[in-house]
Amino acid sequence: MHPQPVVPEPPEDPTGPSEAAARAGTAEGRAEPSNWGELPEAVRERIAELAAAAIAKLPAADVPRQLRPVAKFAPAKRAKLGGTALLAGLGDSAQFRTAVIEWLREHRTDALDPNAADSVAGAAAAVLLGESGAAGRVRLVAENAELNALRAERDAALARNQRLEAELELLRTELAAAKDAADNARGEREGEVDKLLRRLREQGVQLRQAKDAAEAAQAAAARGGEAWAEEIATLNAQLERERQRVANERLRAERAVSEAEIARQSAREAREADEVRLALLVDTIEGAVTGLRRELALTDRGGARPADMVRGASAGDGQGGKIADVSTLDRYLALPNVHLIVDGYNVTKTGYPELALADQRDRLVHQLQALAARTSAEVTVVFDGAGVLSVPASVPRGVRVLFSDRGVLADDVIRRLVAGEPSGRPLVVATSDKAVADSVRSGGAHPTPSAVLVTSLSRV
């Protein structure tokens with residue numbers, strides 16, 4: 001209700017009391033209501049409705065001057081717009097109140113029944129009639145209204161509790177699923193570690209066997225050298241003896257020299273054969289070591305070389321190039337193991353800003369699902385978490401949806417995603433934020449404007 005200004009009641013007509021004044025005189029013995037402004041809202045509305053119905057039918061002399069404009073209101077608006085003024089008039093003018101009561105007795109006899117089944121109607125009738133039990137009836141209405149308000153609060157609290165219990169059960173289910181996924185991942189990692197340990201032990205056994213073979217070959221070579229040295233010493237002794245007898249037995253000496261030459265040739269051939277066997281054994285050991293390095297991934301892939309130490313020159317900065325059109329974006333998304341990172345609200349406010357934020361998020365996620373299914377790319381979309389009252393309970397297939405924590409910007413989450421990827425992996429970041437695009441480009445990613453991604457998504 002809109003309160004109406006209260007105008008002081010004009011003085012009575014000096015020509016004599018009107019018929020309404022006479023009826024007011026007959027009601028002088030009634031008890032006045034305590035305070036019309038403190039009545040419960042339901043009782044006030046009921047009295048205002050009855051007064052509004054009566055005021056349009058009363059003679060102008062029975063209607064206070066300040067209420068005469070209210071009588072001209074449309075019936076549907078009279079009680080709503082003039083309710084406060086009507087209550088004030090009923091409280092201030094006994095003549096007006098008596099006129100309303102008399103009209104109600106003639107046209108609305110049910111409205112003046114203090115014992116009506118409806119407690120609000122009974123309290124309004126008791127107040128209008130000024131009965132002594134009106135205060136109790138009003139108090140009963142107020143207590144009923146308060147009780148209804150408490151019941152409504154209780155029902156709201158029960159509904160809120162049920163909703164919270166449902167959300168808690170959902171969170172428990174998600175936690176159990178996450179725990180199972182973590183256990184499965186841990187089991188897979190432990191299996192891979194066990195497999196690598198077994199392979200390492202096998203390679204260690206092969207390495208020890210190769211070392212033992214090398215030591216055996218070295219020992220054999222040493223033994224062959226000692227035997228050769230002993231044999232040469234023996235031959236030299238024989239040659240010395242033969243020389244002492246050269247004068248007398250020249251022919252025999254020449255025969256002995258020939259035998260010594262033959263023996264020396266045999267020793268040389270034996271030594272060369274041992275050296276060949278040793279070289280073959282060393283080649284075998286080198287092959288085994290090379291295979292072991294290759295199996296353990298110990299080959300030199302990034303070690304420093306002399307050319308890396310040259311001063312006055314440096315390698316490129318590794319910055320990613322900008323993707324400026326849809327065809328280039330399609331080529332990048334076709335790369336193996338590509339990761340597309342999307343600045344969520346930056347893209348949605350470029351493509352469909354007229355939608356509500358929740359609808360923007362849903363539409364973008366559904367379009368990205370179709371894109372991921374078409375390109376097999378890993379897709380991550382990041383939204384600012386500030387102001388988000390609820391997040392989707394189900395995880396969309398093929399799309400990772402992230403919300404930044406309180407106090408953290410989605411731009412910083414995107415930068416951390418780029419920094420966390422291994423060097424060399426193709427990364428595409430969809431954003432029109434120049435600061436974000438520059439920072440991810442320096443990290444090796446390829447930025448593309450939001451409009452390019454929106455165009456690509458519209459074709460999915």
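Modeller: Rings of Phe, Tyr and Trp count as a pair if their centres lie within 6.5 Å, with the six-membered ring used for Trp. By that rule, the structure, which is a predicted model, holds 2 aromatic pairs. Ring pairs join Tyr 345, Phe 383 and Phe 403 into a cluster.

Now the helices. Two packed helices are described by the angle between their axes and the distance between the axes. Helix H2 covers residues 41–55 and helix H4 covers residues 75–92; their axes come within 8 Å and cross at roughly 95°. Angles of 65 to 115 degrees count as roughly perpendicular, so H2 is roughly perpendicular to H4. On the H2 side, the contact is made by Arg 44, Ile 47, Ala 48, Glu 49, Ala 51, Ala 52 and Ile 55. H4 contributes Arg 78, Ala 79, Gly 83, Thr 84, Leu 86, Leu 87 and Leu 90. Sorted by class, this contact of H2 with H4 has 9 nonpolar, 2 polar and 3 charged residues.

Val 326, Leu 329 and Asp 330 of H9 make the contact with Val 452, Leu 453, Thr 455 and Ser 456 of H14. The residues of this contact of H9 with H14 divide into 4 nonpolar, 2 polar and 1 charged.

As for confidence, the mean pLDDT of the chain is 78, and 79% of its residues reach 70 or more. Over residues 1–32 the pLDDT is below 50, and this stretch has 46 contacts in the model beyond near neighbours in sequence. Residues 299–317 also stay under 50 in pLDDT, and the model has 5 contacts for them beyond four places in sequence. Where pLDDT is low, the predicted coordinates should not be read in detail.

How values were computed:
Residues are numbered from 1 along each chain as its sequence is written. This is a predicted model: local features need pLDDT of at least 70, side-chain atom pairs count only at pLDDT 80 or more; totals for chains, interfaces and linings use all residues. Side-chain values use heavy atoms; hydrogens and water are left out. Rings of Phe, Tyr and Trp (its six-membered ring) pair if their centres lie within 6.5 Å; planes under 30 degrees apart count as stacked, over 60 as edge-to-face and the rest as tilted. Axes are lines fitted to C-alpha atoms, for helices over the stretch in contact, and angles run from 0 to 180 degrees between N-to-C directions. Helices (H or I, at least four residues) and strands (E, at least two) are DSSP runs, numbered from the N terminus. Angles under 35 degrees count as roughly parallel, over 145 as roughly antiparallel, 65 to 115 as roughly perpendicular and the rest as oblique. Contact means heavy atoms within 4.5 Å. Ala, Val, Leu, Ile, Met, Phe, Trp, Tyr, Cys and Pro count as nonpolar, Asp, Glu, Lys and Arg as charged, and the others, Gly among them, as polar. pLDDT is the predictor's confidence in each residue, from 0 to 100.
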